[in-house]
Amino acid sequence: VVDRPVVTAASPNRGPASGGTMVTVAGSNFKAGAAVTFGGAAASNVTFLSSNQITCTTPAHYPATVDVNVTNPGGQSGALLRGFTYESDTASLSLPDTGGGQHDIVQVPINAASVNGLAAADLTVTFNSSVLSVRGARTGTLTPGWSLAANTTTPGQVRLSLASPGGTSSGSGSLALLEFEVMGAPGVTSTLHMASVSLNDGAIPAQTADGSFAVSLV
């Protein structure tokens, strides 16, 4: 019989990326002196209450949903997969009010502010396909060296998936630059709409602001 702990719940199951959340870990076969980690980072103030319950304080961790692991003094361990979500303050994403001439090739940034610990982003931007035709996308000032996949097969829509090769990004800047060809007649406009956003699989809440594109008269 493998004498390992079993982890069934963490309550609460979310807290700030700065850490400091008091969590009760429930399960079975916990031993006095057990250690607890969140996403591989050691918890503090670990208190053994019973073979079914341990309390501890979460360490700091970048925004993500992580495993909660209990390791008994003998080295046997058990994990609650994706048992705790670290959340950051709300990030702000916006598209600009911009424009260009008919047949021009233009770049439109997806701007971000108050980003903390960003490691992955999935975005969908919609626009009027009679005004703009998307040609591609590239990484921005917040995402240098990241992998980027752009799905441009649906007219009037571009879907981006970005992932860091390691480490995280924080601060303000551009997540990506969208490249468009201006198709519309002079004077027409298109809304640039942030249709969906997921940062770190939803661990970073985001508020969004739409922009617009105007085809210049000259």
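β6 and strand β7 (residues 53-57) run antiparallel to each other and pair over four bridges. This is a predicted model. Across that pairing, Phe 48 sits opposite Ile 54 in β7.

Zoom out a bit and you get an open sheet of four strands, in the order β1-β3-β7-β6, with antiparallel pairing. The edges belong to β1 (6-11) and β6 (44-50); each has a single partner strand, so one side of each has no neighbour in the sheet. From one strand to the next, the twist averages 20 degrees.

In soluble globular proteins, nonpolar side chains tend to be buried together. Here, the largest nonpolar core has 32 residues, and Ile 110 and Leu 175 have the most contacts inside it. Elements giving two or more residues to this core include β10 (91-94), β13 (120-126), β14 (132-139), β17 and β18 (189-199). The top contributor is β12, with six residues.

There's also a second, separate core of 18 residues, and Val 7, Ala 64, Val 66 and Leu 80 are among its members.

## Ile 110 and Ser 174

Back to Ile 110: beyond its neighbours within four places in sequence, Ile 110 is in contact with a list of residues that includes Leu 123, Val 125, Leu 160, Leu 175 and Met 194. Ser 174 is on that list too.

Is Ser 174 buried or exposed? Its relative accessibility is 8%, so Ser 174 counts as buried. Ser 174 lies in strand β17 (residues 169-182). Setting aside its neighbours within four places in sequence, Ser 174 is in contact with Pro 109, Ile 110 and Asn 111, along with Gly 140, Thr 141, Leu 142 and Thr 143.

Key: Residues numbered from 1 in each chain as written. Predicted model: local features only at pLDDT ≥ 70, side-chain atom pairs only at ≥ 80, totals over all residues. Heavy atoms only, no water. Buried < 20%, exposed > 50% of the residue type's maximum accessible area, 1.4 Å probe, protein only. Contact = heavy atoms within 4.5 Å. Core = buried A, V, L, I, M, F, W, Y, C linked by side-chain atoms within 4.5 Å. Pairing = 2+ DSSP bridges. Axes fitted to C-alpha atoms, helices over the stretch in contact; angles between N-to-C directions.
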